[in-house]
Amino acid sequence: MGVTVGYHRLLSHRSFRCPKFVEYFWVLGGYLAFEGSPIWWASIHRAHHRYTDTPLDPHSPRESWFASYIGWTTKGKYADHIRPQDAKDLCKDPIYQFLEQGGSWEKAHLLCAAIGTVFRLGLLACFGWPIALGCTAAGLFCLNVPLMLNLFCHIPKLGYKNFETKDDSVNVWWVAALTMGEGWHNNHHAFPGSARSGFKRNEIDPSWETIKLMKKVGLVSWFNEANPDSKAPAKVKPTLAPVAARTLTAVPSTHEDGTTKEQSEAKPRGRKIRQRKVREAVGARR
Ligand SMILES: [Zn+2]
Ligand SMILES: [Zn+2]
């Protein structure tokens, strides 16, 4: 949940609002699961939504399955079109700034691994090896959750689409079961700013249920719940989207909270928007 509720739906999409201590609680859970710097994670993920399944996507399976799963994490630095400083909402937080280690992927990953290890050594000292080992296994499993999702939920033949999106995203039930509802990924790409990703009765979404529960007990002041009837339903079986025919619009500068207009869909009106558009023509897909 630290990954799904904290890093993803809260930090990356700002799909709900909560006090800072609640934010830190969820983010700490994700950080101790070896997810790395929150600024890094959110910047890469926002770029994924901005450039989904195009050559500028940080981890599309169109490049290669290996690159999509783990290969992209070894690149060592941000691509030129990904600017972590655009995530202004996160950059102004001194803790997130510290964890970002000046933008060095190597240092930030090492720091995260070191803090995660020290935490488990503490568990070992206080509660013994079964707890420490269990916590390590859980952390490594959670580390795999978003990596796995990046790959399997962008392979059309593995799932289904509820909505027509200009990308390869699909809903994959077994990924959703392993990822607290994140596997309803076509729904998520259709409504990236929504705190809710499961729309049909059988699309169980524990992360959304948790956010709703937090709202009920007063820990969340607002959330964005998409209206699935507002978008055209998918009519055809999922296939590779014709990305080669698309001209890409790179939008490095975004809303104050770092999300794009699309990602912030259905947020309250009146939000100050600052946009600088840089157009880039992208060559044909390999
Ligand atoms: Zn995606
Ligand atoms: Zn997302």
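**Core and helix packing**

User: Which residues have the most contacts inside the largest nonpolar core?
Analyst: Ala 42, Phe 152 and Val 175. That core has 41 residues. Bear in mind that this is a predicted model.

User: And which helices each supply at least two residues of this core?
Analyst: H1 (2-12), H2 (20-31), H3 (38-50), H6 (94-100), H7 (105-127), H8 (129-152), H9 (173-178) and H11 (206-216).

User: Back to Phe 152. What is it in contact with, leaving aside neighbours within four places in sequence?
Analyst: Leu 158, Val 172 and Val 175. Val 175 is also among the core residues with the most contacts.

User: New topic. How do the axes of H1 and H2 cross?
Analyst: They come within 7 Å and cross at roughly 120°.

User: Left-handed or right-handed?
Analyst: The crossing of H1 and H2 is left-handed.

User: Which residues meet there?
Analyst: From H1, Gly 2, Val 3, Val 5, Gly 6, Tyr 7, Leu 10 and Leu 11. From H2, Glu 23, Trp 26, Val 27, Leu 28, Gly 29 and Gly 30.

User: How do they divide into nonpolar, polar and charged?
Analyst: Eight are nonpolar, four polar and one charged.

User: Zooming out, what does the secondary structure come to?
Analyst: Eleven helices and four strands. The chain has 286 residues, and 41% of them count as buried.

User: What share of contacts join residues at least 24 apart?
Analyst: 67%, among contacts between residues at least 6 apart in sequence.

Key
Residues numbered from 1 in each chain as written. Chains lettered and ligands numbered in written order. Predicted model: local features only at pLDDT ≥ 70, side-chain atom pairs only at ≥ 80, totals over all residues. Core = buried A, V, L, I, M, F, W, Y, C linked by C-beta atoms within 7 Å. Buried ≥ 20, exposed ≤ 12 C-beta atoms within 10 Å, placed from the backbone. Contact = placed C-beta atoms within 7 Å. Axes fitted to C-alpha atoms, helices over the stretch in contact; angles between N-to-C directions. Left-handed = near helix turned anticlockwise from the far one by under 90°. Nonpolar A, V, L, I, M, F, W, Y, C, P; charged D, E, K, R; others polar.
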